[in-house]
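Please open the model in your viewer and keep the selection panel handy. We will walk through it stop by stop.

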Amino acid sequence: MYVTRVSAKSPLSRQTAAQLSRAAASFAQSHAVSTHTPGLHLTSLHIQPQQSQSRRPFSSTSRTKLREYFPEPETEQIVKTETAFEHPLYTDEQMTKNVYYAHRKPKDMSDRVALYLVRLLRWGTDLATGYSHDGPTPKDKLTGKSTAVVPSNKPYRMSERKWLIRFVFLESVAGVPGMVAGMLRHLHSLRRMKRDNGWIETLLEEAYNERMHLLTFLKMAEPGWFMRLMILGAQGVFFNSMFISYLISPRTCHRFTGYLEEEAVLTYTLAIQDLEAGKLPLWSDPKFRVPDMAARYWKMPEGNRTMRDLLLYIRADEAKHREVNHTFGNLKQTEDPNPFASVYKDPNQPHPGKGIEHLKPIGWERDEVV
Ligand SMILES: [Fe+2]
Ligand SMILES: [Fe+2]
């Protein structure tokens, strides 16, 4: 119906025609595996086109399913737009050996406040995203203890769609702390006429990276009105709480983000575990391919572009945020330089950096880096 109506409105602009042809192609690819719920629509699971055959007449399809969620804008002059924050290269070995679930024990009152707030938030998110899990809970590699936060005695209820709901909701919240912290440190530097010592870029890069996680998942699932409403509410509350809290105690906020990232690592570890156990057949389908945008951003090698690979990259990013924020939580906020953007006197010792070759799950202590 949509195509017929537009084709009558000739001539089409080049951009509209290109968008329509992409939308139709996207529809043809995704229609056979699409589901429609108020919370989230699986727009495309990125199965190769030959697998999908639409059985319904074209005219009965809703308009939302026909459109690509965010097509690249087409202009007269521009070929492509480069990212300002180039992603560092991660190797497969680094992502599987250096990245694992671990928990930093709270050491003082500020740490405990941060931890309990994260636990509360997690409880709310589990409720909102309908999360429960019956797989074995990964053990903390540093202490050997298993984490008690995931209920493991319930019947299995997760699916590709439920994981995506959780990922989209979590990532829409996860992009907030880095931006608030970066913005407030920027304003602090302007207002107090003092240098920032290199923290702002790392914090903004974290926010950018979280947004890339969100956009990648949105290429696979388009949220419905209910999900949008929840995200809107969550952002309103979370941004303002973070803004006020960061003005009061930036150290507690970084610790809070560190604990939040521990939960993110756990979530992706469990999703990878499910995928490997064959519980998510649409994602372990050999014809599944990750969105092109993701392959470009993470520089995923050809042949390593499965959903498992994508989740490994994202989990490694979360582990990096965990390290950065736990480290920032150990530092003097206004005096210390950013250890992740520094050059060290002894280059032979392992030091914090942009990549994950020397990843410290509980962060670097102040005397190790400053
Ligand atoms: Fe993320
Ligand atoms: Fe993160």
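**First stop: a helix pair**

Select helix H9 (residues 250-276) together with helix H12 (residues 307-328): their axes lie 8 Å apart and the two pack at an angle of about 160°. That angle makes H9 roughly antiparallel to H12 (under 35 degrees counts as roughly parallel, over 145 as roughly antiparallel, 65 to 115 as roughly perpendicular, and the rest as oblique). Axes here are lines fitted to C-alpha atoms, for helices over the stretch in contact, with angles from 0 to 180 degrees between N-to-C directions. Helices are DSSP runs of H or I with at least four residues, numbered from the N terminus.

H9 and H12 cross in a left-handed sense, meaning that the near helix is turned anticlockwise from the far one by less than a right angle. Colour the contact of H9 with H12 by class and you will find 12 nonpolar, seven polar and eight charged residues (nonpolar: Ala, Val, Leu, Ile, Met, Phe, Trp, Tyr, Cys and Pro; charged: Asp, Glu, Lys and Arg; polar: the others, Gly among them).

A word on conventions: this is a predicted model, where local features need pLDDT of at least 70 and side-chain atom pairs count only at pLDDT 80 or more, while totals for chains, interfaces and linings use all residues. Residues are numbered from 1 along each chain as its sequence is written, and chains are lettered from A and ligands numbered from 1 in the order in which they are written.

**Second stop: the annotated site**

Now pick Glu-171, Glu-210, His-213 and Glu-318, which an unreviewed UniProt entry lists under "binding site"; such annotations may be inferred rather than shown by experiment. They span 148 residues in sequence, yet no two of their C-alpha atoms are more than 10.4 Å apart, so they gather at one spot.

Zoom in on His-213, which sits in helix H7 (residues 199-218). Is His-213 buried or exposed? His-213 is buried, because 25 other C-beta atoms lie within 10 Å (20 or more make a residue buried, 12 or fewer exposed, and counts in between partly exposed, with C-beta atoms placed from the backbone).

**Last stop: the loop between H6 and H7**

Met-193 lies in this loop and has a positive phi of about 55° although it is not a glycine. Met-193 is exposed, with 7 other C-beta atoms within 10 Å. Asn-197 is in the loop too, with phi near 65°, and counts as partly exposed with 17 C-beta neighbours inside 10 Å.
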